[in-house]
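Morning, everyone. I have one structure to show today, and I'll keep it quick.

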Amino acid sequence: MAREAPVMWMRGGTSKGAFFLASDLPADAGERDAFLLAIMGSPDPRQIDGMGGADPLTSKVAVVSRSEREGVDVDYLFLQVFVDQALVSDQQNCGNMLAGVGPFAIERGLVAATRDETRVAIHMDNSGQTAIATVQTPDGVVTYAGDARIDGVPGSHAPVPLEFRDTAGSSCGALLPTGNAVDVIEGVACTLIDNGMPCIVFRAADVGATGTETREELESDALAPVRQRIEAIRLAAGERMNLGDVADKSVPKMMLVAPPQHGGAVTVRSFIPKRAHATIGVLGAVTVATACLLDGSPAAEVAEVPDGARKSLSIEHPTGEMTCVLEVDEGGAVTSAALLRTARKLMDGIVYA
């Protein structure tokens, strides 16, 4: 097994993890995964013998390389390193870690900075989709300082706008893998949907929650029956979403929706998939926002959706909100989605297994 590798530790959006050049990791996937488990300290609930932060949101890896695809600058593979299992998953994208890919690519010399802003076209290997990140590069140098703020992250930083196109069906083969806006799973009306992230969207009230709980309340003993019901829905829906047996997979994500509480479009509580999310994932937010536009869906029934072909939907989550800007065609189908994220370099050096 590899024993050390150059790494940049970065915060991307509301996540945090290791950014590697692909050439700095073992080419063999098994050896690579063993190395990543060792550096994170998994499996261990505290990840005490590694760099992981005892949370799925801080046990993440981005693997980046120069792309040979036309019109694309870099390829990005996201890997979720499980905290308490010896498991590394490539079954999903991560839009939060995506926010750090552009700055990392410029810092590592994969992309040349251009004037005050540098657009980086990123191929997401997990789904085969492309995103555009705009990185602040005054004087040709990446800056992480700025006035942009995102909920879930203290302070302000340089903005990193992300634009997504053609994300529908990225993992499931279709926006609605069953062809339905509503499927009844374990007696609960659900939308099985994938607009960049496979998600199951249902009303919080239908599983015995309110949708306004804190993360701690969602993970408390008192709500254990709620979590058990949510997991039963997830396991039953996996095959219908073309994901197979999802018992040991990090997808689909579970999205509990409720009416907005603070002037937004919808309130969401997310499980990723078995632990409650402190905020909400970027592509999870895009997918929930898309579900809000489906007539008759559980999300549409509780959401406040603005009119017009360009819709700004504020997705409320436990620590604030995330605004998704969706553009729709004449038939109401989403053609693009954009969000604002930030990133920050935390350290650059060598990590040891």
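Start with the surface. The protein chain exposes about 13900 Å², by the Shrake-Rupley method with a 1.4 Å probe. Carbon and sulfur atoms supply 47% of that area.

A word on the source. This is a predicted model, where local features need pLDDT of at least 70, side-chain atom pairs count only at pLDDT 80 or more, and totals for chains, interfaces and linings use all residues. Residues are numbered from 1 along each chain as its sequence is written, and side-chain values use heavy atoms, leaving out hydrogens and water.

Now the interior. Of the 353 residues in the protein chain, 57% are buried, meaning under 20% relative accessible area with a 1.4 Å probe, counting protein chains only.

Next, the fold. The protein chain has six helices and 16 strands. Those are DSSP runs: helices are H or I with at least four residues, strands are E with at least two, numbered from the N terminus. Along the principal axes, the C-alpha atoms fill a box of roughly 50 × 45 × 35 Å.

Cys-172 counts as buried because its relative accessibility is 3%. Cys-190 is in no disulfide either; its nearest cysteine sulfur, also that of Cys-199, is 12 Å away. At 0% relative accessibility, Cys-190 counts as buried too.

Note on methods:
Buried means under 20% relative accessible area, exposed over 50%, partly exposed in between (1.4 Å probe, protein chains only). A disulfide is a pair of cysteine sulfur atoms within 2.5 Å.
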